[in-house]
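Open the model in your viewer and keep the selection tool at hand. This tour goes stop by stop.

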Amino acid sequence: MQTSREQLALKSSIAATVAIGLLGIAGGLLTGSAAIIFDGIYSFVDVILTLGSLGVARLLERERSARFQFGYWHLEPMVTALGGAILTVACPQKARRIRRGSSVGPWAARWPGRR
């Protein structure tokens, strides 16, 4: 029963993250902020990783098989490590672009306070 609660929590997290991601992208486009858009896009990367965790949670309900004699528990840290690797690669690249002053959208040039 623990995995069914975990699956419900993961599904709720996916729904909330999609909503926050859409709001972030919309807000970033309206303000011309590349950082906010990146945060919204990364939310969708998080959704993909959470879907992976949901898949692993479903696998954990299964009995062990001939191929996986010790079960599927080891897949969960692998999904977490993949998320960390993606974040490690994506953030420094985007930070360099933001420091260079990249802006997005036609609103960025006309937005008050922006150059």
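**Before you start.** This is a predicted model, where local features need pLDDT of at least 70, side-chain atom pairs count only at pLDDT 80 or more, and totals for chains, interfaces and linings use all residues. Residues are numbered from 1 along each chain as its sequence is written, and side-chain values use heavy atoms, with hydrogens and water left out.

**Stop 1: colour by confidence.** pLDDT is the predictor's confidence in each residue, from 0 to 100. The protein chain averages 80, and 80% of the residues score at least 70.

**Stop 2: select the core.** Which residues make up the largest nonpolar core? Pick L10, I14, V47, L54 and A57: 5 residues in all. The largest share, 3 residues, comes from α2. A nonpolar core is a set of buried Ala, Val, Leu, Ile, Met, Phe, Trp, Tyr and Cys residues joined through side-chain atoms within 4.5 Å. Buried means under 20% relative accessible area, exposed over 50%, and partly exposed in between (1.4 Å probe, protein chains only). In soluble globular proteins, nonpolar side chains tend to be buried together.

**Stop 3: zoom in on I14.** Leave out residues up to four places away in sequence, and I14 touches V47, T50, L51 and L54. Contact means heavy atoms within 4.5 Å.

**Stop 4: move to T17.** T17 sits in helix α1. Is T17 buried or exposed? T17 counts as buried because its relative accessibility is 13%. With the sequence neighbours up to four places away set aside, T17 touches S43, D46 and V47.

**Stop 5: click A16.** A16 also lies in helix α1. Its relative accessibility is 38%, so A16 counts as partly exposed. Draw a C-alpha to C-alpha distance from A16 to S43: 9.8 Å in space, 27 residues apart in sequence.

**Stop 6: show the rings.** Rings of Phe, Tyr and Trp (its six-membered ring) pair if their centres lie within 6.5 Å; planes under 30 degrees apart count as stacked, over 60 as edge-to-face and the rest as tilted. The count comes to 1 aromatic pair. The ring centres of F38 and Y42 are 6.5 Å apart and their planes are at 35°, so the pair is tilted. F38 and Y42 are 4 residues apart in helix α2, so about one helical turn separates them. F38 is partly exposed at 21% relative accessibility, while Y42 is buried at 18%.

How values were computed: Helices (H or I, at least four residues) and strands (E, at least two) are DSSP runs, numbered from the N terminus.
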